[in-house]
Amino acid sequence: MLRGTLMYLSDQPLAKRVFSGPLAKPLVSRFVAGVELNEALGNVQKLNSAGLTATLDYLGESVHTAAEAGAAAAQYIALLHGIERIGAQCNASLKLTQMGLDVDRALCVRNVERILAQAAAFNNFVRIDMEGSGYTQATLDIFNELYERYKNVGIVIQAYLYRSEADIRALNKLGARVRLCKGAYNEPASVAFPAKADTDNNYVKLMQMLLSEGNYPGIATHDERMIEATRSYAAKQGIAPDRFEFQMLYGIRRDLQEQLVREGYRMRVYVPYGEEWYPYMVRRMAERPANLLFVLKGLR
């Protein structure tokens, strides 16, 4: 019930005004690295100093005009220049609806190509995030099209979708870099596992496929059971820690992030910034309501 309430609040302007107030600032700053790029880059540098790498995400999705999509693409170009300027260990993550997929497919592809070309010039990497299931096939189609010309692009697969095993088999055959996550959108039982236990079991199966057959996968989870399953499988199969990386969200389980780094694992933190922070923040709490408790208790 709490998850449903939080998802409802993610679309409510009044709730956003409440969270925009000064009393909620510590909560917001826990999940979001800033509104401006320079602030976000400063937080990336702090992560790098602690031995963690990062991926920057300029928040926003489902733009409605070509101008909005172009502005978002320009922000990513600036983001890549900023990473290069400060020498950060950081790449970028973006959503296709932010690049104009709902406006015009060709426009979206052109915007992403501009970003990939700039990233390639800096020897950097860009990950295409996965959105709701209505965009899954279009996202994979565009990824495959771009991957023919740019090898510095990766993709995300969501473990709660029934189709994900087949998708990962195809992506492993292609040699693509995959981030595996559980999934954060409300999906019908017709396309996604309704039970958490089934999603967890599928996550472990897909993780094992990626570690054994994939190209430097990102194992994105805060679930200690999934992390232990990954560590155990890698050890049993003789898969070295430098052949994959764990990934977690900015501000969530910082203790676990630092612990994994101390133990010799690679850790990348997904660092969001920008003015469109509210839907992102509430979706993170809805995905795992315990995140709200972490914030309220001031846990590190």
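Are Phe-244 and Phe-246 buried or exposed? Both are buried, where buried means under 20% relative accessible area, exposed over 50%, and partly exposed in between, with a 1.4 Å probe and protein chains only.

1. **Basis.** This is a predicted model: local features need pLDDT of at least 70, side-chain atom pairs count only at pLDDT 80 or more, and totals for chains, interfaces and linings use all residues. Residues are numbered from 1 along each chain as its sequence is written, and side-chain values use heavy atoms, leaving out hydrogens and water.

2. **Overall make-up.** The chain has 13 helices and 8 strands. These are DSSP runs, numbered from the N terminus: helices are H or I with at least four residues, strands are E with at least two. Of the 300 residues, 53% count as buried. Among contacts with a separation of 6 or more, 73% join residues 24 or more positions apart; contact means heavy atoms within 4.5 Å.

3. **Cores.** A nonpolar core is a set of buried Ala, Val, Leu, Ile, Met, Phe, Trp, Tyr and Cys residues joined through side-chain atoms within 4.5 Å. The largest one holds 73 residues. Leu-56, Leu-79, Leu-94, Met-99, Ile-115 and Val-271 touch the most other members. Helix H5 (residues 66-86) gives the most to this core, with 7 residues. Another core lies apart from it and has 12 residues, including Phe-31, Tyr-278, Met-281 and Val-282.

4. **Aromatic pairs.** The whole structure contains 7 aromatic pairs. Rings of Phe, Tyr and Trp (its six-membered ring) pair if their centres lie within 6.5 Å; planes under 30 degrees apart count as stacked, over 60 as edge-to-face and the rest as tilted. Phe-244 and Phe-246 have ring centres 5.6 Å apart and planes at 85°, so this pair is edge-to-face. Phe-244 also pairs with Tyr-265, and that pair is tilted, with 6.3 Å centre to centre and 45° between the planes.

5. **Cluster.** Tyr-58, Tyr-76 and Tyr-273 form one aromatic cluster.

6. **Charges over rings.** Lys-151 lies over the face of Tyr-147, at 4.6 Å from the ring centre. Arg-177 lies over the face of Phe-125, at 3.8 Å from the ring centre. The test requires NZ of Lys or CZ of Arg within 6 Å of the ring centre and within 35 degrees of the ring normal.
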